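Here are a few friendly notes to read alongside the model. Keep the 3D view open and look for each part as you go.

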Amino acid sequence: MTSLEPPSADRVPRQRRAEGPHFAWGKSLNLVGRDDEIAAMQEALDGALAGMTRSLVITGDPGQGKTALLDEAERRATGFRIVRVRGSESDRAFSYAGLLQALGPLQGRLAQVPKRQADALAFALGWSPQVVDSEPFLIAAATLSLLAAEAEHQPVAVLVDDAHLVDRESATALSFAARRMGEDPICFVWATRNEPTAADLLSGLPTVALAGLTGEAAADLVAERVTGRVEPRVAQQLAADTGGNPLGILEVATRLTDAQLLGSAPLPERLPVGDRLRTEYARLIAGLTQPSKFVLLLCALDNSGSVGSMRSTLATTDGWATNLDGLVDRGILVQDTTDVRFRHPLLRTAVLAMATSSQTRKAHLTLAQSRAERGDPRSAAWHRAEASLGPDPALAADLTAIASEDRRRKGYAAASAALERASSLTSDATEAAALLAAAAEDAFVAGDLERTRRVARSLLDRAQDPEVRGRALSTLGTLELVTGSVPLAAEMLTSAADGLSGTALIRTLADLGMAQFRLSEFDAIVVTAERMAAAADSEDPEQQMLTDFIGSIAAAAVGDLTTSRLRVEQVIARIADPPLRDDPRSLVYLALAAGFAGDVAPIFALGEHLLALARERGAFGVLVPSLALTAAGRAWVGDNAGAFADAGEAVELGMQLGYAVDVASACGTVAWQSAARGLHQEAVEAIDLGRTLTDRAGTTASAAHLAITEAFCALSRGDAERAIAVLEGRLAADGGIGSSGEPLGVAPDLVEAYVATGQRDRAVALAEQFADATPPEAPSLAHALVARTRGLAAQDDAESAQAFEDALRAHAEAIAPFETARTRLAYGVRLRRGGQRVLARIQLEQAREAFVAMDLTAWASRASDELAASGVRARKRELTATEPLTSQEVRAALHAARGLTNKEIAAALFLSPKTVERHLSSVYRKRGLRSRAELAAAFAEGTFGAE
């Protein structure tokens, strides 16, 4: 057989005639050769039944059986609520189309979702006309909450077919839920092609890649679907020639005679696979009538897969609806109760390739008319756009209006696509460029970084207008600043500023100043500050605040600390007044300004208000850098529980956004806090991630804080040799500058490591160099650390004691609880080893009490061990916990101690109530608590490091 026409009845075995040509989709048939994949799906379903959220991504080329596996998952999900989503080309440009498929059946649970989230979701999905001021990730959080609400009543199976074709907003929301749910009986199974489209959203989730079938599996497949038996040699060749693609095997097998399948007749010289199969499909389509070809073209271009949609379209074309049934009978199309689709993806490809441009335009116009008559102007506009041959200002205006509506509903990815298409339909070059600039900006807000780069660079290749080019460069520069290369960001933002004015210019220059600060380019910051001062509108609070902020850094760079302090205070004062006090974007600058001022009080007052607003609106872009900064501030004042919680959340959320520098900073805090609690593997992992991100950002050379943190982690686990290797590397790189730019900032840890390894001479020399490098006007903490290094390095016990006493006096004037306790621990150790056990116990007991209060279990255990060596046995209630809390557990505990319910904690932390419950149960177990009242009391007593 060489033709692709279905074989005549007298040549088809009875089994094959009974089955007909519908084998491609595998409905209600046993899967062959997919035992491992089915086992992985079953394991995920079983995990969900046991109360744990599970995810599985199935990847493979067309025809590998991904849809059939999802069908099998649905069949096996007995007792589950099935949530099925199918991506399509036609829906990719429609924001939340996939989410509407998924959540429409669950709308009745909306009342169980936190109100702010519910309102945002209802508006986005068209369930309510009420406009909500939120960010896109609030809708993702609402998706999580709605799925969790359904899971309270029965397990849920979320099955996503063709995930690479699901609209960006829906894919983002569903993947967010899959990553952040942990204790809910939900199973996510994704089927996607081996394409990069959805790779960033699904990366890191458990994945199985579908391989080709073996010859043995191919024999079983053909025997079951085509004929009762097939010669193993024939099956082996089918598998080899098709790459083991199940659909390809079946397509070829149905074109062989019974004798050929049984091996009693020779096979064709060339089996119809690959390009030959495509050619035969083209020959099949060429032999159809014109009405049938047109019906196939409509199906190929509509791609909605809806029986109702297609029959509605064909109802407007005389007599053509009957062609749909004929094409199904011939096996070219496959139809069930709801879907119409091509039996093989190559059939659709052949239909599109064979259609002339005029035929394609006619089909799009037919679909546009049908959609308009059905009250779907959005889809009608897109089909009209595909039929357009040139500029069409009216259509461009329609698409721009669609983009505006998408933006109101937080559908920024869809808005970007509409604006990009509108740009191509606009005859005015300046207007077209402006639309393309807006498309790049919306793509960035949507988190589609590759699209942002593509659209912006396309604009830069053709646009000449300085302002439009400035917008594109500013978008690219900001993208690089938060997710990519900081040096490249500085370059782009510098160029962008040349074409901008007003608020856009000041915001761009502020980002440029931050890039220069991260690169330690202090001379350049002075120039940027001068440009901002000259351009800022004196009546605009935001412009003035940003100008003061960058100006404060510039003043410090030239040594004018008084002016720097005054401008920092002005930043805080401006943010305290409307409208900035109600703009979550102010939070980043407030946190930085408070840190520069050395006063964290604003963070715990005004900052809490802004943080709550950011959470309420789902403003992850603000939360990530802000949490990274507040974590550092909390650790500084001894709120190590809060620091651990904030930093851990910044890392989790930031990784989902693709951020780099801010996440790297938070990784350092997570590593420090983990090591101080004895979570040494977690600390190593955080350091590794932080190093990867600083490399990506191009800030490794200036990332002293990460090296100092790594050394601290090494000391915490007793690996002084590693600490020496890391810190001596910093000495060689930049003279050992500290995390805040202080001279020889590596000295405190490096001196301790030298002493631990018996290198006292090197310790003495470095301690004196540190003292010489620290100016008299340095903060009290710096002088305390200088004295401590001298105390550690001193040969004489009396000299050592005097140095430690000097250190404690300096600590009394500084806010650094951990460093104070660390000094007491070092002092106590030196006293004990000098035989002064009574005096040693005083210092060691105070150190242990401080470490326990800060929940730093590893250091508390070290102090307890030293006390035991001094002859003191700790009372039972003073013993530190043997199992430290994780960042997630601390996070939940802090919110619970403030009186929030599990549901309120879940809404604040973008988790499910079940996940919160699990974290709190773990806290109760590890800390021996029995109720929320005891948890609140422990919090009030400072057990979790809070004031």
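1. Two strands pair if DSSP finds at least two bridges between them. Helices (H or I, at least four residues) and strands (E, at least two) are DSSP runs, numbered from the N terminus. This is a predicted model, in which local features need pLDDT of at least 70, side-chain atom pairs count only at pLDDT 80 or more, and totals for chains, interfaces and linings use all residues. Residues are numbered from 1 along each chain as its sequence is written, and side-chain values use heavy atoms, leaving out hydrogens and water.

2. In what order do the five strands of the open sheet run? The order is S2-S3-S4-S1-S5, with parallel pairing. Strand S2 (81-86) and strand S5 (207-209) are at the edges with a single partner strand each, so one side of each has no neighbour in the sheet.

3. Arg 86 has Asp 161 in S3 as its bridge partner.

4. Next, find helix H42 (residues 797-811). Its buried residues (buried means under 20% relative accessible area, with a 1.4 Å probe and protein chains only) include Phe 804 and Leu 808. The buried residues of H42 pack against helix H41 (780-793), helix H43 (817-833) and helix H44 (837-853), where contact means heavy atoms within 4.5 Å.

5. Finally, the cysteines: the structure holds zero disulfides, a disulfide being a pair of cysteine sulfur atoms within 2.5 Å. Cys 187 is buried at 0% relative accessibility, and Cys 299 is buried with a relative accessible area of 9%.

Definitions and conventions: Buried means under 20% relative accessible area, exposed over 50%, partly exposed in between (1.4 Å probe, protein chains only).
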